[in-house]
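Here is a short report on one protein chain. Look at the sequence and the fold first, then read on.

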Amino acid sequence: EVFRTFWYNPKTNSKTFYIAEQVSHHPPITSIYVINRKEGYCIYGTILARSKFYGNSVSAIMEGSIKIILLNRGEEYTVTLPYANCKGILIGKMTIELGGKVRIECSKTGYSTDIDFKLKPLLSSNEASNQIEGKIKFANKETLAIINGKWDGEIYLHEKSNGLTKQFWNPTKDVIEQRLKRFVVPIDEQKEFESEKLWYNVSEAIRNSNQYLATEEKTIIETRQRRI
């Protein structure tokens with residue numbers, strides 16, 4: 001099963017191409033490849049997805065790592081991924097958070113970052129959700145800066161050398177409105193095993209709020225994939 005798309009950036013007149021393939025159904029393993037040569041980066045990796053149940057919550061754990069190559073610098077960064085945690089699947093309001101530790105490192109430069117995605121404590125307010133905290137280090141020893149904030153909001157960088165704090169990231173309304181448009185291959189031009197075409201009947205059933213038909217169509221696809 002394959003999914004392909006691209007984003008066009010009018011400011012640089014460049015395209016970012018993305019392709020993902022489910023290389024294994026059992027266990028579910030997906031490989032991805034992203035490239036924009038004009039802007040100078042390439043991203044690739046293979047991820048194994050697995051789930052873990054805790055009674056009233058479930059976690060989707062992504063095992064593996066992603067490589068980010070900055071072509072103009074000749075630097076390659078290895079990035080691990082957080083897990084998604086869904087609470088309230090049986091009792092209470094259903095919420096989804098990111099949790100776990102993420103590590104970003106570059107063997108060429110010696111720089112690395114450990115970021116902790118924190119789950120909201122049970123009795124805390126919504127202000128405690130989506131919090132992150134991490135350290136930027138050199139040679140895995142010297143701490144150069146501290147990172148904290150919200151992964152879906154403002155993130156701040158505290159530099160150890162001069163004690164200064166500055167805003168590192170803030171997804172304001174203006175930033176969100178600059179999000180690049182995503183293009184896909186027209187469905188009548190897609191091949192048999194492209195995701196959008198393969199799951200078209202399931203998607204239509206969901207859009208029409210027909211859960212029974214969606215389940216039937218999903219079962220047909222998955223039964224066929226298991227045979228392959």
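## Lys87 and its partner

Lys87 is partly exposed, with a relative accessible area of 26%. Buried means under 20% relative accessible area, exposed over 50%, and partly exposed in between (1.4 Å probe, protein chains only). Its side chain meets that of Glu97 in a salt bridge (3.1 Å, N to O). A salt bridge here is a side-chain nitrogen of Lys or Arg within 4 Å of a carboxyl oxygen of Asp or Glu. The pair links distant parts of the chain: Lys87 is in strand 7 (residues 83-87), Glu97 in strand 8, ten residues apart. Glu97 is buried, at 6% relative accessible area. Strands, like helices, are DSSP runs numbered from the N terminus (helices H or I, at least four residues; strands E, at least two).

This is a predicted model: local features need pLDDT of at least 70, side-chain atom pairs count only at pLDDT 80 or more, and totals for chains, interfaces and linings use all residues. Residues are numbered from 1 along each chain as its sequence is written, and side-chain values use heavy atoms, with hydrogens and water left out.

## Other salt bridges

The whole structure holds 13 salt bridges. One of them joins the side chains of Arg4 and Glu194 (2.8 Å, N to O). This pair also links distant parts of the chain: Arg4 sits in strand 1, and Glu194 in the loop between strand 14 (182-184) and helix 2 (195-198), 190 residues apart. Arg4 is partly exposed, at 32%. Glu194 is buried, at 6%.

Glu75 pairs with Arg73, with 4.0 Å between the closest N and O atoms. Glu75 counts as buried at 11% relative accessibility, whereas Arg73 is exposed at 56%.

## Strand pairing

Strand 1 (residues 2-9) and strand 2 (residues 14-24) are antiparallel, over eight bridges. Two strands pair if DSSP finds at least two bridges between them. Trp7 has Thr16 in strand 2 as its bridge partner. Four residues separate the two strands in a hairpin, and Asn13 in the turn has a positive phi of about 55°. Strand 2 also pairs with strand 3 in the antiparallel sense, over seven bridges. Phe17 has Ile35 in strand 3 as its bridge partner.

Further along, strand 8 (residues 95-105) and strand 9 (residues 111-118) run antiparallel over six bridges. Lys101 stands opposite Asp116 in strand 9. Their hairpin has five residues between the strands, and Gly110 takes a positive phi near 85°. Strand 9 is also joined to strand 10 (residues 131-138) by eight antiparallel bridges.

## Nonpolar cores

Which residues form the largest nonpolar core? There are nine: Val79, Val102, Ile115, Phe117, Ile132, Ala145, Ile147, Ile155 and Leu157. Strand 9, strand 11 (142-150) and strand 12 (155-159) each supply at least two residues of this core. Apart from it lies another core, of six residues, including Trp199 and Val202. A nonpolar core is a set of buried Ala, Val, Leu, Ile, Met, Phe, Trp, Tyr and Cys residues joined through side-chain atoms within 4.5 Å.

## Thr78

Thr78 lies in strand 6 (residues 75-79). Thr78 is buried, at 18% relative accessible area. Leaving aside neighbours within four places in sequence, Thr78 is in contact with Ser65, Ile66, Lys67, Arg103, Ile104 and Glu105. Contact means heavy atoms within 4.5 Å. Thr78 and Glu97 are 19 residues apart in sequence and 23 Å apart in space, C-alpha to C-alpha.
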